[in-house]
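Have the model open beside you as you read.

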Amino acid sequence: MVEESRQARAATRTVRRFAASHGGAGGQIAYLGARGYRLVLVGADGEWGDVVAASRETLEEAARAAGVEVRESLDGELAARLRTGPREWRRMAGIQLG
């Protein structure tokens, strides 16, 4: 319980900081399996980041506290806003190449 509470506070701080630094943000939560859940954040400026937590509820609470709208999927306007750079393209190519 204490660890979960600590994780929730840390996630909330991270989401608030990201949203404040990028002119607001939207997000989408994905299940990662045994690791838990991942909240992908997309800033109003197109930058993106993520937060991982053991429970979906922790991430939903963090997003709500930070004023970040969580969407069902990472598509449409949210995906169109997302900017990727050379680093992401190299990582994606590396995954495909082995």
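A residue counts as buried when its relative accessible area is under 20%, and as exposed when that value is over 50%. With that cut-off in hand, take strand β2, residues 36-43: six of its eight residues are buried, so the strand is largely enclosed by the rest of the structure. Please keep in mind throughout that this is a predicted model.

**The chain as a whole**

Let us step back for a moment. The chain has four helices and four strands, and along the sequence they follow the pattern α-β-β-β-α-β-α-α. Of its 98 residues, 34% count as buried. The accessible surface comes to about 6300 Å², and carbon and sulfur atoms hold 52% of that area. Among contacts with a separation of 6 or more, 53% are between residues 24 or more positions apart.

**Strands around β2**

Which strands pair with β2? On one hand there is β1, joined to β2 by eight bridges; on the other there is β3, joined to β2 by six. The table sets the two pairings side by side.

| Strand pair | Direction | Bridges | Residues between the strands in the hairpin |
|---|---|---|---|
| β1 and β2 | antiparallel | eight bridges | two residues |
| β2 and β3 | antiparallel | six bridges | four residues |

G27 stands opposite L41 in β2, while Y37 has A53 as its bridge partner in β3. In the hairpin of β2 and β3, G46 takes a positive phi near 95°.

Strand β1 spans residues 25-33 and includes Q28. Is Q28 buried or exposed? Its relative accessible area is 13%, so Q28 is buried. Beyond its neighbours within four places in sequence, Q28 is in contact with R38, L39 and V40, and also with V70, R71, E72, S73 and L74.

Y37 brings us to the aromatic rings. The structure holds one aromatic pair. That pair is Y31 with Y37, a tilted arrangement with 5.1 Å centre to centre and 55° between the planes. Y31 has 58% relative accessibility and therefore counts as exposed.

Now turn to helix α2, residues 56-66, where T58, L59, A62, A63 and A66 are buried. Why do these residues share a side of the helix? They cover an arc of only 130° around the axis, which puts them on the same side of α2. E57 and R64 are exposed on the other side. After α2 comes G67, with a positive phi near 75°.

**The nonpolar core**

In soluble globular proteins, nonpolar side chains tend to be buried together. Here the largest nonpolar core has 15 residues. Those with the most contacts inside this core are V15, L39, L41, V51, L59 and V68. The elements giving two or more residues to the core are α1 (2-21), β1, β2, β3 and α2.

Definitions and conventions
Residues are numbered from 1 along each chain as its sequence is written. This is a predicted model: local features need pLDDT of at least 70, side-chain atom pairs count only at pLDDT 80 or more; totals for chains, interfaces and linings use all residues. Side-chain values use heavy atoms; hydrogens and water are left out. Rings of Phe, Tyr and Trp (its six-membered ring) pair if their centres lie within 6.5 Å; planes under 30 degrees apart count as stacked, over 60 as edge-to-face and the rest as tilted. Buried means under 20% relative accessible area, exposed over 50%, partly exposed in between (1.4 Å probe, protein chains only). Contact means heavy atoms within 4.5 Å. The arc is that of the directions from the helix axis to the C-beta atoms. Accessible areas come from the Shrake-Rupley method with a 1.4 Å probe; for residues, only the protein chains shown count as cover. Two strands pair if DSSP finds at least two bridges between them. A nonpolar core is a set of buried Ala, Val, Leu, Ile, Met, Phe, Trp, Tyr and Cys residues joined through side-chain atoms within 4.5 Å.
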